[in-house]
Amino acid sequence: MELDSLYQEVILDHYKHPQHKGLNPVFSAQVHHVNTSCGDEVTLNVTIKDRKITGISWDGQGCSISQASVSMLTDLLIDKTLEEAEVITHSFSELMASKGTSTGDADLLEDAVAFAGVSKFPSRVKCALLGWMAFKDAAVQSQGESK
Amino acid sequence: MSFSVTDIRRDFPIFERTIRDGKRLVYLDSGATSQKPWAVINAETDFYTKHNAAVHRGAHQLAEEATDAYEGARAKVAGFIGAQPEEVIFTKSATESLNLVAYAMGNAESGNRFALGEGDEIVVSEMEHHANLVPWQQLAKRTGAKLSWFKVTSDARLDLTNIDEVITPRTKVVAITHQSNVLGTINPLDAIVKRAHEVGAVVVLDACQSVPHMPIDVAALGVDFLAFSGHKAIGPTGVGILWGRSPLLSELPPFLTGGSMVTSVTMTDATWAQAPQKFEAGVPNMAQAVGLGAACNYLTSIGMQAIRDHEIALTDYALKKLVEIAELNIIGPSTNESRGSTISFTINEIHPHDLGQFLDSQGIAVRTGHHCAWPLAKSMNVQSTTRASFYLYNNEEDVDVLVQGIQSAQKYFGRF
């Protein structure tokens, strides 16, 4: 069933057991992004030291796709350098733009390749990207401050 | 003739197609936009294929025919809501209709009854669609007037207990929805109209969710302006209606200015035509207006009271079935009293967007989200809801499919 390609088990697992959820009061950048068409929202507190992401904590509410995507993002990006994070973020964005033609780079994206099925549902791509757009914003903010 | 959903569906070609690998289309999103019958599609096509020309201009036969068709549509719409044709203004949408009144009021100069400034008040409610909230809050900001509002009670009704404090002698306009696009609540207009008129305020009614679904007689409602959209009333997109009382339309300044809304123009000044022309600058959406006229005829041929009765029965059935589902919460009145056929709900543990996606896989079209009523969602303590909205082409079988779909979704998302 087509729906199963959207709702992979690992996605629903992250939705029900989100990683790094609960905002850490210490952070170098805080961003709040809202998907205006549906109201889904996410707040990211990101800590960056010497161009390395030492912590991401978050809070949010929304559908399984948007919330699981943020959860997986934290697993993927914590302890990575900003350069590594940019490569991963770019790879995820490309996968989301693939309209179901790509299976994703498992070396880079690990469990997040489960979102490949989302790219077949145009209205859900923005759900999957909500947290990633927020992270990009946070990375830019924290770099601006460190200059 | 008895009310037959089977016969009605034959008039709507979209029900001939299937959804997601052969599933029957169960369309429960008429609150967002309705489907169109052949009568409307053909009326629009007929205008373009046989009569297309710019209305109110041109000395040729086509211009004459186009004008007849356009003005004929105005008369049909007027008849449909119990109005005079000169009180019916074609806009591009209900959103534009509401903005027209708000911006035109903002254009009123001191001495005009619509002039607003510091010390004046604008009243809305917490259950407004953004289209009947944002234009008024922005008008308040531009003019310095104060925005006040009715709250919504926990049982999803308008809280009118403090009506005399909300509508005060300073109130100039009360903008209120007839039926909530989220809750389905039908608001009691009599008390609001009485109090508003007592203090000299005008009442602007957002009738987008009521005009398509029940008999409406503007004179009986007692309001001063009324807005609705064509596309929610089986008509085309690109056409909305603003109705206003003639003396008020005479005093209200124009909103958009330009061609065909003037009586004379010099390099430095212009004078305005009478309503409705004063509010219809530019070549209008003619084929769409003609399509809306055909929609009014179609609805009249079925009978608006028959449609209302059908929807009441369907809502009774749907409420009864839905409340039986474990973990389902109705966001709106759980009884069928003063209620339309729009039913919003949440399911514990399943986000509306995920439920909507699952239902789509079963051929069921619903709306999910905040339904362009963000403040209402916040006041009801929900981030978003799933909304099923019914119309003349829905029946109990559609409700049964919805109920089965929800139960299957609970199994699907509960398996992890």
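Which strands of chain A does helix α3 lie across, and at about what angle to β3(A) does α3 run?

1. Basis. This is a predicted model, in which local features need pLDDT of at least 70, side-chain atom pairs count only at pLDDT 80 or more, and totals for chains, interfaces and linings use all residues. Residues are numbered from 1 along each chain as its sequence is written, while chains are lettered from A and ligands numbered from 1 in the order in which they are written.

2. Helix α3 of chain A. Helix α3 (residues 64–77) of chain A lies across β2 and β3 of chain A and runs at about 170 degrees to β3(A). Helices (H or I, at least four residues) and strands (E, at least two) are DSSP runs, numbered from the N terminus. Axes are lines fitted to C-alpha atoms, for helices over the stretch in contact, with angles from 0 to 180 degrees between N-to-C directions.

3. Sheet of chain A. Three strands of chain A form an open sheet in the order β1-β2-β3, with antiparallel pairing. The edges are β1 (29–34) and β3 (52–61) of chain A, each with a single partner strand, so one side of each has no neighbour in the sheet. From one strand to the next, the twist averages 15 degrees. Two strands pair if DSSP finds at least two bridges between them. β1(A) and strand β2 (residues 41–49) of chain A run antiparallel and are joined by six bridges; Gln30(A) has Asn45(A) as its bridge partner in β2(A).

4. Contact between the chains. Chain A gives 15 residues to the contact and chain B gives 14 residues. The elements giving two or more residues to the side of chain A that touches chain B are α1 (2–6) and α2 (9–16) of chain A. The largest share of that side, four residues, comes from α2(A). Contact here requires C-beta atoms, placed from the backbone, to lie within 7 Å.

5. Chain B overall. Chain B has 14 helices and 17 strands. The radius of gyration of chain B, taken over C-alpha atoms, is 22 Å, close to the 22 Å that the globule rule gives for 416 residues, so chain B is as compact as a globular protein of that length. The globule rule is 2.2 Å times the number of residues to the power 0.38. Along the principal axes, the C-alpha atoms of chain B fill a box of roughly 75 × 55 × 35 Å. Buried residues make up 51% of the 416 residues in chain B. A residue is buried if 20 or more other C-beta atoms, placed from the backbone, lie within 10 Å of its own.

6. Strand β10 of chain B. Five of the five residues of strand β10 (residues 240–244) of chain B are buried, so β10(B) is largely enclosed by the rest of the structure. Gly240(B), Leu242(B) and Gly244(B) point one way from β10(B), and Ile241(B) and Trp243(B) the other way. Strand β4 (residues 88–91) of chain B runs antiparallel to β10(B), with four bridges joining them; the partner of Phe90(B) in β10(B) is Ile241(B). Strand β9 (residues 225–229) of chain B also pairs with β10(B) in the antiparallel sense, over five bridges, and Phe225(B) has Gly244(B) as its bridge partner in β10(B).

7. Helix α10 of chain B. In helix α10 (residues 286–302) of chain B, 13 of the 17 residues are buried, so α10(B) is largely enclosed by the rest of the structure. Gly303(B) follows α10(B) and has a positive phi, near 105 degrees.

Conventions. Contact = placed C-beta atoms within 7 Å. Buried ≥ 20, exposed ≤ 12 C-beta atoms within 10 Å, placed from the backbone.
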